[in-house]
Amino acid sequence: MSVPSPSLDYREAYPCPLCRRGQISGLALTEAFGCVTCNHIFTANLERQSVQLADSSPPLTWRWQGDRWQVGSSDRDRLGWEVWLVAIAFTLLPPTIVGTMAYLFPPLSGSGLQWFPIVWTGMTFLAHFSLVAWLILEYYQIPVLLYWQTRQLRWRSRLARFARG
Ligand SMILES: [Zn+2]
């Protein structure tokens, strides 16, 4: 793969921001780029040096940084440290409380429920962590689902090639 151009241009090819495997290049007579690997079309805005995935809702945007893509538009605010603090507190506080309670008031020995506080603490952590992770992924528009679908498509086509011999 050749070194991509520092600025977005229809005559150049760039790594695909979605599947990260293929390359996107300008489609003839359009203001769009296409990826031959995942078959997605990206409408381009050369002024803003950004591409937008045409067939997604909400629209996903990437800005070309000269050597890599940055998710989201530049005017989108980054998450402040207060948000991260709340996110960390929301993730860690409940399991800490549950764990502390379980430590202070352990189940009666021999009750057969010795495992329960540990499992409950772990489940509390997982529930809160996945909620926070989901919100962050949503905020940064990280296309987990599309990326996963693309990978599945690749595996399927590879399987099909393998089956054909
Ligand atoms: Zn692609």
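**Domains, sheet and zinc site of the predicted model**

The domain assignment divides the protein chain into domain 1 (13–71) and domain 2 (81–140), the bounds being taken from an automatic or database domain assignment. The C-alpha centres of domain 1 and domain 2 are 39 Å apart. The model is predicted, with local features requiring pLDDT of at least 70 and side-chain atom pairs counting only at pLDDT 80 or more, while totals for chains, interfaces and linings use all residues. Residues are numbered from 1 along each chain as its sequence is written, and side-chain values use heavy atoms, with hydrogens and water left out.

An open sheet is formed by seven strands in the order E1-E2-E3-E4-E5-E6-E7, with antiparallel pairing. The edge strands, each pairing on one side only, are E1 (13–15) and E7 (69–71). On average, neighbouring strands of this sheet are turned by 30 degrees against each other, direction ignored; the axes are lines fitted to C-alpha atoms, and angles run from 0 to 180 degrees between N-to-C directions. Strands (E, at least two residues) are DSSP runs numbered from the N terminus, and two strands pair if DSSP finds at least two bridges between them. In general, strands of a sheet pair through backbone hydrogen bonds, either parallel or antiparallel.

Strand E3 (residues 32–35) is joined to E4 by three bridges and the two run antiparallel; Ala-32 is placed opposite Thr-43 in E4. Strand E4 (residues 41–45) in turn pairs with strand E5 (residues 50–53) over four bridges, in the antiparallel sense. Here Ala-44 stands opposite Val-51 in E5. The hairpin of E4 and E5 has four residues between the strands, and Gln-49 in this hairpin takes a positive phi near 55 degrees. E5 is also joined to strand E6 (residues 61–64) through three antiparallel bridges, and Gln-52 has Thr-61 in E6 as its bridge partner.

The zinc ion is coordinated by the SG atoms of Cys-16, Cys-19, Cys-35 and Cys-38 at 2.2 to 2.3 Å. Donors are N, O and S atoms within 2.8 Å of the metal (3.2 Å for Na, K and Ca), and sites may look incomplete because water is not among the atoms. Along the chain, the donors of the zinc ion follow the spacing C-x2-C-x15-C-x2-C. The arrangement is tetrahedral because the four donor atoms subtend angles of 101 to 115 degrees around the zinc ion; four donors count as tetrahedral if all angles lie between 85 and 135 degrees. Cys-35 counts as buried at 4% relative accessibility, and Cys-38 counts as buried at 7%, where buried means under 20% relative accessible area (1.4 Å probe, protein chains only).

Conventions: Four donors count as tetrahedral if all angles lie between 85 and 135 degrees; four count as square planar and six as octahedral if opposite donors are over 155 degrees apart and all others between 65 and 115; anything else is irregular. Buried means under 20% relative accessible area, exposed over 50%, partly exposed in between (1.4 Å probe, protein chains only).
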